[in-house]
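Look over the sequence and the fold before reading on.

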Amino acid sequence: MSRPFETKYRAVTAFQRRIGNPVLRRLPTQTLLETTGRTSGLPRRTPVGGRRVGNSFWLVSEFGERSQYVRNIKANPRVRVRIRGHWHTGTAHLLPDDDPVARLRALPRLNSAAVRVVGAGLLTVRVDLDE
């Protein structure tokens, strides 16, 4: 892993862990992805940006397989997504063959711009919703 990428990863994740995620998780309109902690077994909620298309929810992980929620998905793909204040259960799929840059063009602009600026090693995630 290159030094600039590692520095960027550490800075962004430190900010998200201490300031960004605790604030965003409290907003009732913020989309949340809830995974099960791979070690603790506890629910872990992460603010995400994405879009529901039919019975699927699409998002792009800004740090790919280094993201903690992606690691949790690899251990247990059953997740919940809060969209517009309503929780939906589903199964997450990591799509390394999908073009995440093209995918970002179809997702909400503000989040997509932030992912492009801070992200490296992008990875598309699709959640197939149960309903």
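Predicted model: local features only at pLDDT ≥ 70, side-chain atom pairs only at ≥ 80, totals over all residues.

Residues are numbered from 1 along each chain as its sequence is written, and side-chain values use heavy atoms, leaving out hydrogens and water.

**Strand β4**

Helices (H or I, at least four residues) and strands (E, at least two) are DSSP runs, numbered from the N terminus. Strand β4 is mostly covered, with six of its six residues buried. Buried means under 20% relative accessible area, exposed over 50%, and partly exposed in between (1.4 Å probe, protein chains only). In a regular strand, side chains alternate between the two faces of the sheet. Both faces of β4 are covered: S56, W58 and V60 are buried on one side, and F57, L59 and S61 on the other.

Strands pair if DSSP finds at least two bridges between them.

| Pair | Bridges | Sense | Residues standing opposite |
|---|---|---|---|
| β3 and β4 | four | antiparallel | R51 and W58 |
| β4 and β7 | six | antiparallel | V60 and T124 |

β3 (residues 50-53) forms a hairpin with β4, with two residues between them. In that turn, G54 has a positive phi of about 65°.

S56 counts as buried because its relative accessibility is 14%. Its side chain makes a polar contact with the side chain of D128 at 3.2 Å. A polar contact is a pair of N or O atoms within 3.5 Å; within protein, one must be able to donate a hydrogen and the other to accept it, and residues adjacent in sequence count only if both atoms are side-chain atoms.

W58 is also in β4. W58 is buried, since its relative accessible area is 14%. Contact means heavy atoms within 4.5 Å. W58 and A92 lie 34 residues apart in sequence and 9.5 Å apart in space, C-alpha to C-alpha.

**Helix α2**

In α2 (residues 68-75), Y69, V70, N72 and I73 are buried. They sit on the same side of α2 because they cover an arc of only 160° around the axis, taken from the directions from the helix axis to the C-beta atoms. K74 and A75, on the other side, are exposed. The cover over the buried residues includes β1, β2, β4, β5, β6 and β7.
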